[in-house]
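User: I am new to reading protein structures. Can you take me through one, feature by feature?

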Amino acid sequence: MRLFSGPWGELRVFTDEPLPHSAMGMAEVPARFGARFRPALLRHFLFLRRQGRPAAPYLAVWPEGVVLPDLTEGVTEPADDLAGVVLAEVMRHTCFVCNAWFEVIRAEVAIPVLGGNLAQHRIVSGCPACGSDSGASRIYGLALSPLP
């Protein structure tokens with residue numbers, strides 16, 4: 001686990017160690033979607049001084065083709081280790097056209113904590129099952145995987 005901090009708060013990014021209970025739902029994400037999708041917990045700067053406020057679970061997502069930084073504990077924090085990273089959530093969506101189900105990694109855009117890095121990521125849009133576009137299917141995100 002590596003701790004990043006900035007004016008936005010603290011972000012704990014996990015590698016292969018056991019995850020805290022609040023992030024357990026993301027344990028299998030790197031195996032399904034790739035190493036650039038890492039479980040993380042964000043404690044926003046507004047909550048740093050409030051004891052008992054839980055950190056929010058997210059995925060820290062690096063852009064494709066970027067070499068991941070060393071995420072082991074105690075590593076000195078180069079300023080560019082979070083370059084291009086966006087925070088994302090794991091969601092389940094159904095195609096509005098064919099009713100196929102997908103697990104979707106969707107970027108958190110309401111609170112762009114780490115800045116406007118979304119432009120550095122490829123967005124997957126449309127339903128791979130029926131071929132409908134994202135306007136009809138409502139399927140889009142950083143990555144998606146079909147569900148049974």
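Analyst: Start with pairing. Two strands pair if DSSP finds at least two bridges between them. Strands are DSSP runs of E, at least two residues, numbered from the N terminus. Here β1 and strand β2 (residues 9-13) pair in the antiparallel sense over five bridges. The bridge partner of Phe-4 is Leu-11, in β2. This is a predicted model: local features need pLDDT of at least 70, side-chain atom pairs count only at pLDDT 80 or more, and totals for chains, interfaces and linings use all residues. Residues are numbered from 1 along each chain as its sequence is written, and side-chain values use heavy atoms, leaving out hydrogens and water.

User: In what order do the strands of the open sheet lie?

Analyst: Strands of a sheet pair through backbone hydrogen bonds, either parallel or antiparallel. In this case, seven strands form an open sheet, in the order β1-β2-β3-β4-β5-β6-β9, with antiparallel pairing. β1 (2-6) and β9 (143-146) are the edge strands, each pairing on one side only.

User: How many disulfides does a search of the whole structure find?

Analyst: A disulfide is a pair of cysteine sulfur atoms within 2.5 Å. The search finds zero.

User: Is Cys-127 buried or exposed?

Analyst: Buried means under 20% relative accessible area, exposed over 50%, partly exposed in between (1.4 Å probe, protein chains only). Cys-127 is buried, at 3%. Cys-98 is partly exposed, at 33%.

Definitions and conventions: Helices (H or I, at least four residues) and strands (E, at least two) are DSSP runs, numbered from the N terminus.
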